[in-house]
Amino acid sequence: MQDITKTVELKYPETMQEFDRINKEQIKLFAKKQHDYGPGNISMGGNKELSLLALAIRMNDKVQRLLNILHNNKGEIAVEESLKDTFQDLSVYGVIAQIVSNDKWGK
């Protein structure tokens, strides 16, 4: 996998740098939220199935928000920060769902 990563980095250096920058930003956001809220608001009492369902609902809420922002502005991003925040939230929830699925949440 390392070889393919290097190949893509050479072919698309700015894209890969931006991907890395955004991932680092996401880690900081995640750490801040973990510090503020801890794992309890996701763990649902240790019920993995319920945790994943709750995450899917939260992600759906974010998708609905995204669609609303895009639709109401008819393609013009009048609320760019809201758009960025929504994409960030979706991304972080996606990673959290993977952590929950791997039984590593809160450990």
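Which residues in α4 are buried? They are S51, A54, L55, K62, L66 and I69, where buried means under 20% relative accessible area, exposed over 50% and partly exposed in between (1.4 Å probe, protein chains only). The model is predicted: local features need pLDDT of at least 70, side-chain atom pairs count only at pLDDT 80 or more, and totals for chains, interfaces and linings use all residues. Residues are numbered from 1 along each chain as its sequence is written, and side-chain values use heavy atoms, with hydrogens and water left out.

**Helix α4**

- Helix α4 covers residues 48–72. Helices here are DSSP runs (H or I, at least four residues), as strands are (E, at least two), numbered from the N terminus.
- α4 has 25 residues and spans 36 Å from its first C-alpha to its last. That is close to the 36 Å expected at 1.5 Å a residue. The expected span is 1.5 Å times one less than the number of residues.
- N47 caps the N-terminal end of α4. A side-chain oxygen of N47 lies 3.2 Å from the backbone nitrogen of E49.

**Salt bridges**

- The whole structure holds eight salt bridges. The criterion is a side-chain nitrogen of Lys or Arg within 4 Å of a carboxyl oxygen of Asp or Glu.
- E18 pairs with R21, with the closest N and O atoms 2.7 Å apart. The two are three residues apart in helix α2 (residues 13–37), so about one helical turn separates them.
- An α-helix has 3.6 residues a turn, so residues three or four places apart point the same way.
- E18 is partly exposed at 35% relative accessibility. R21 is also partly exposed, at 40% relative accessible area.
- K84 bridges to E25, with the closest N and O atoms 3.3 Å apart. K84 sits in helix α5 (residues 80–101) and E25 in helix α2, so the pair ties together parts 59 residues apart in sequence.
- K84 counts as partly exposed at 37% relative accessibility. E25 is partly exposed as well, at 23%.
- A network of salt bridges links E18, R21, E25 and K84.
- K62 and D89 meet through their side chains at 2.8 Å, N to O.
- K62 counts as buried, at 18% relative accessibility.

**Nonpolar core**

- The largest nonpolar core has nine residues: L29, I42, L55, V92, Y93, I96, A97, V100 and W105. Such a core is a set of buried Ala, Val, Leu, Ile, Met, Phe, Trp, Tyr and Cys residues joined through side-chain atoms within 4.5 Å.
- Five of the core residues come from α5, the largest share.
- L55 is in contact with I42, Y93, I96, A97 and V100, leaving aside its neighbours within four places in sequence. Contact means heavy atoms within 4.5 Å.
- In soluble globular proteins, nonpolar side chains tend to be buried together.

**Positive phi**

- Most residues other than glycine have a negative phi.
- M44 has a positive phi of about 50°, although it is not a glycine. M44 is found in the loop between α3 (40–43) and α4. M44 is partly exposed at 33% relative accessibility.
- D103 has a positive phi of about 55° and is not a glycine either. D103 lies in the segment after α5. Its relative accessible area is 42%, so D103 counts as partly exposed.

Note on methods: Polar contact = N/O pair within 3.5 Å; in protein donor to acceptor, adjacent residues only side chain to side chain.
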